Amino acid sequence: MKPQTLLLSMVWAIASVSQAFAVSNPMSDLCRLKDADTRSISPENFTGEKGKGGMATLETGTAARAARELGVGWKVNPYVHIEPGATFTLGETTGMGVINHIWMTPVGDYRLMIFRFYWDGEDVPSVEVPVGDFFAAGWGMGNEPRISSLAVCVNPRSGFNSYWQMPFRKGFKITMENLGEKRATVYYQIDYSLETVADYAPYFHAQFRRVNPLPDKVDYTIVDGIRGNGHYAGTYLARGANSPGWWGEGEIKFFIDGDTTFPTICGTGEEDYFCGSYCYNEKKEGERYSYEGFSSPYTGFYHVPYEGVQRRVGQYRWHIADPVRFKEDLRVTIQSLGWQSEGRYLPLQDDLASVAYWYQMEPHNPFPALPAAKDLVVSE
Amino acid sequence: MMTKHVFPYLLMVFCGLSAMDVMANPMEGLCALKDADTRSISPENFTGEKGKGGMATLEEGTAAHAARELGQGWKVNPYVNIEPGATVVLGETTGMGHINHIWITPTGEYRTTILRFYWDDEISPSVEVPVGDFFAAGWGMGKEPRITSLAVCVNPRSGFNCYWQMPFRKGFKITMENMGEKKARAFYQIDYTLESVPEDAPYFHAQFRRVNPLPEKSVYTIVDGIKGRGHYVGTYLAHGANSPGWWGEGEIKFFIDGDTEFPTICGTGEEDYFCGSYGYNEKEDGDKYTYENFSSPYTGFHHIPFEGVQRRFGQYRWHITDPVCFKQDMRVTIQSLGWQSEGRYLPLQDDLASVAYWYQVEPHAPFPELPGGDALAIKN
């Protein structure tokens, strides 16, 4: 054996042991020490700085009135208010690390509370999504689903959690804009660690779109114009069915690295892409439709109770085990199809809103302008 | 072929990349061969030795009566009995490896049945927790919640499972003490592998505390006195509300590496820390309160039916994606707050019991003495 080969074999042996150990199961990470400093930004510590939590005084705290007999340290500033038209910086920090978890419980019009994330001082956000949709809960306050997945959990009553890992190298800024006409209130916690980030770690991105109604015979675009090297990691789709009947026959298409007319990946139906089947067990009784909701670690579906004409559903798919890699560009579309007489597909003109989640190296292509407030809102 | 595979591992080994970069997918571990011997200790094989399972004879087996016509090999010793005051060694082995999974179904008074884990011949245990609380089921037999999480599952009827990975280098010993007045029984299985453990793998620890009632305006300590290097990975909190009204306003605080008066991490409320929100959808109807239970991969909440004055709850949070790292020391506290007139916080005098779960390099600071008698037991 050549000395060079021997050395390689030794390194291989050592490296493969730790590799196998590291990936053996989702709990194994915890069995390794990590050279990291854990920090958390909340209204009780806006900068996340070490030893600076819970310092708000009765002069400044949002909940000073409740704590007036207890004083500093007794939950004096657990939430923030965001006035109509204002943009509030929820958290901003410098350094290198990873956001590991975000918890939040917002009060207001979710569709008009816009979440934006900026990595490393960038001017255009890498995440620009209404707060409810970001957490796969796009149908507004009081209409939150229950989600128990690896990437997102929505817990009683309106506890929104994201477990997407989000690396940053020079820092991050997270803001929330209130496009609504009423004051918004937010409790939140951004859990992150300051640590070395690998050279090849891409950045987290999320983009929102909404079209209502979808023009006849037009594909809905979940995302296009992605340029760079990365992978697509998830879709949330809020669909409002504007007409009676089954609504989920449409095919999803992934156009990867220069695909034009025909995509590389082509689905077989909407509920199929979200990993259910046969209309999520749709049953019709008179004018009433019922469905079977589910929330798996990877995908889920829910039907939101609503007395109006629209039928409202939410669907998520996280590509955790099966990210869709792209090296240059990516476009994702979905058709909106039902059935009509004589066994023919019926192109639907539905209310479609979506979030595309992906990772890519910066710079990202700037996003299209967010729809105006009137085109964002969910009707009462 | 080999050089092609070695290159990424060389990069990982020499750049000291964090496990985050490696663990792309929880299923990936299965795609790598592992040089490990799988073993499992149960009453059918107390030593876990190869080829030594199910050997109990009709002369000695706990279930010999049931198997008397079938003989050896026919479930002759599936459980152990633990007499009042006795301590039984559930399992003991030498060698290097990890415990990957523990299943146990105990019968008896959970709170006075104490689990202790010793790593590598240590004198003071690294885990000392009543068996129910260890599995986030602290309210006793017949009061088990249903938990489906990554670290702990509680399955029908009282199937307690933990998936915490627990490395050992020279061996482990696991004991169960019966501090109660009635005979206890346990069926169990400790699944482990004999394999090499990386040098930087810290050891698993879990500590129980209980205070009832909490003195007025004092803060409940979940854990303090942790000394060493490691990371905090979870909290189970059994909260008995001794007075009417909402009970979960208190803030959690993590005092890391020398923090004194002010913590580095400050929460915004008890149900917020457990990743729910707004009282877990608490509703009051006369004297009755209802809540919405949930169990996500990472956090959960359950309300235990109880006819007495106390309202009883269990809550877990596993810091799997967001461990709280410490280099020298760690203290974790939580307030117990409700509401009183004029929008003021009400300091509560509730029944609080908790388990803190963490990993650290040995030696650990010895634990405070476990409460005994009434200070430990749950009143029925």
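## The contact between chains A and B

In this predicted model, the contact draws on 77 residues of chain A and 76 residues of chain B. Two residues are in contact if their C-beta atoms, placed from the backbone, lie within 7 Å. On chain A, the elements that each supply at least two residues to the side touching chain B are α1 (3-22), β1 (37-41), β4 (97-107), β8 (152-155), β9 and β12 (184-194). Helices (H or I, at least four residues) and strands (E, at least two) are DSSP runs, numbered from the N terminus.

α1(A) gives the most to this side, with 12 residues. By class, the side of chain A that touches chain B has 36 nonpolar, 25 polar and 16 charged residues. Ala, Val, Leu, Ile, Met, Phe, Trp, Tyr, Cys and Pro count as nonpolar; Asp, Glu, Lys and Arg count as charged; the others, Gly among them, count as polar.

## Phe160 of chain A

Phe160(A) sits in strand β9 (residues 159-162) of chain A. Phe160(A) counts as buried because 25 C-beta neighbours lie inside 10 Å. The cut-offs are 20 or more other C-beta atoms within 10 Å for buried, 12 or fewer for exposed, and partly exposed in between, with C-beta atoms placed from the backbone.

Leaving aside residues up to four places away in sequence, Phe160(A) touches Met104(A), Thr105(A), Phe135(A), Ala137(A) and Val154(A). Gln349(A) is 189 residues from Phe160(A) along the chain, and their C-alpha atoms are separated by 30 Å.

## Strand β12 of chain B

Strands pair if DSSP finds at least two bridges between them. β12 (residues 184-194) of chain B runs antiparallel to β1 (residues 37-41) of chain B, with five bridges. Here Thr38(B) stands opposite Thr193(B).

β2 (residues 80-82) of chain B is also antiparallel to β12(B), through three bridges. Asn81(B) faces Arg185(B) across this pair. Gly97(B) stands opposite Leu194(B).

## Chain B as a whole

Chain B holds four helices and 27 strands. Its C-alpha trace spans about 70 × 60 × 35 Å along the principal axes. Of its 380 residues, 48% are buried. Among contacts with a separation of 6 or more, 71% join residues 24 or more positions apart.

## Numbering and confidence

Residues count from 1 along each chain as its sequence is written, chains are lettered from A and ligands numbered from 1 in the order written. The model is predicted, so local features need pLDDT of at least 70 and side-chain atom pairs pLDDT 80 or more, while totals for chains, interfaces and linings use all residues.
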